[in-house]
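Here's a quick briefing for anyone meeting this structure for the first time. Take a look at it below, then read on.

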Amino acid sequence: MPLPFLNLSDDEIFPFLNFVIAGYACLIFLPRWKFTFDFTLCLVVVYSVLYFLLLLHRFAISEVPLPPEIAFDTLEHVSMLFSDRAALMAGWDHYIAFDLFVARHVLLDSQSRGIPHLMVVSTVPLVLLAGPAGFAAYMCLVVPLHAALCGNRTDIAVDKKEKDH
């Protein structure tokens with residue numbers, strides 16, 4: 001399906017989604033580089049705009065009929081939606097954008113808590129491969145680490161915000 005305003009097919013767009021690896025490389029290998037978080041946020045925004053355009057085209061512009069029985073109430077209905085190539089492409093883009101956003105949050109959160117990068121970096125590839133499982137692993141890791149590094153203090157975030165103002 002040609003993308004609105006770009007005249008590119010899904011097959012031509014798909015390789016650009018693999019550029020997400022550059023964002024993960026920055027998060028893993030350059031976590032303190034001054035451009036890492038801006039760069040990864042830009043990737044998330046670009047993939048999010050692409051997602052919007054893919055949805056717009058598939059559900060509002062495309063003349064190709066959607067598969068019958070599309071709904072979100074059963075797994076069978078959801079699988080019918082993803083049997084549509086254009087919907088699958090949009091779904092993959094959603095996965096790419098959202099998981100990079102979560103991985104970015106993981107690093108920002110760990111840095112704000114003062115947790116060493118080497119202690120949490122293993123969760124970043126897990127976020128890439130299995131988003132919610134990677135985030136859950138990070139949370140299981142960060143809560144005890146934060147408590148060990150900071151004690152039971154809950155005022156650290158408040159203190160930091162007050163210093164920033």
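Asp 11 meets the side chain of Arg 85 in a salt bridge, at 2.3 Å from N to O.

Before going further, note that this is a predicted model, where local features need pLDDT of at least 70, side-chain atom pairs count only at pLDDT 80 or more, and totals for chains, interfaces and linings use all residues. Residues are numbered from 1 along each chain as its sequence is written, and side-chain values use heavy atoms, leaving out hydrogens and water.

**The overall picture**

- The protein chain has eight helices and zero strands; both are DSSP runs numbered from the N terminus, with helices (H or I) needing at least four residues and strands (E) at least two.
- Going along the sequence, the pattern reads α-α-α-α-α-α-α-α.
- The protein chain has 165 residues, and 34% of them count as buried.

**Salt bridges**

- How many salt bridges turn up in a search of the whole structure? There are three, a salt bridge being a side-chain nitrogen of Lys or Arg within 4 Å of a carboxyl oxygen of Asp or Glu.
- One of them is the Arg 85 and Asp 11 pair. Arg 85 sits in helix H5 and Asp 11 in helix H1, so this pair ties together parts that are 74 residues apart in sequence.
- Another salt bridge joins Asp 84 and Arg 58, whose closest N and O atoms are 2.8 Å apart. Asp 84 is in the loop between helix H4 (75-82) and H5, while Arg 58 is in helix H3, so the pair ties together parts that are 26 residues apart in sequence.
- Are Asp 84 and Arg 58 buried or exposed? Asp 84 counts as buried at 10% relative accessibility, and Arg 58 is buried too, with a relative accessible area of 4%.
- Asp 109 and Arg 113 also form a salt bridge, with 2.8 Å between the closest N and O atoms. Here Asp 109 is buried, with a relative accessible area of 14%, whereas Arg 113 is partly exposed at 24%.

**How the helices pack**

- Two packed helices are described by the angle between their axes and the distance between the axes.
- The axes of H3 and helix H5 (residues 85-112) come within 9 Å and cross at roughly 155°. Axes here are lines fitted to C-alpha atoms, for helices over the stretch in contact, and angles run from 0 to 180 degrees between N-to-C directions.
- H3 and H5 are therefore roughly antiparallel to each other (the word is used for angles over 145 degrees).
- Helix H1 (residues 10-17) packs with H3 at an angle of about 160°, with their axes 12 Å apart. H1 and H3 are therefore roughly antiparallel as well.

**A nonpolar patch on the surface**

- Phe 29, Leu 30, Trp 33 and Phe 35 form a nonpolar patch on the surface, and together they have about 450 Å² of accessible area.
- Phe 35 lies in the loop between helix H2 (20-29) and helix H3 (36-61). Phe 35 is partly exposed, with a relative accessible area of 40%.
- Patch residues have over 30% relative accessible area and no salt bridge; like charges are joined within 9 Å, and nonpolar side chains (Val, Leu, Ile, Met, Phe, Trp, Tyr) within 5 Å.

Conventions: Areas by Shrake-Rupley, 256 points an atom, 1.4 Å probe, with all protein chains shown as cover. Buried < 20%, exposed > 50% of the residue type's maximum accessible area, 1.4 Å probe, protein only. Parallel < 35°, antiparallel > 145°, perpendicular 65-115°, else oblique.
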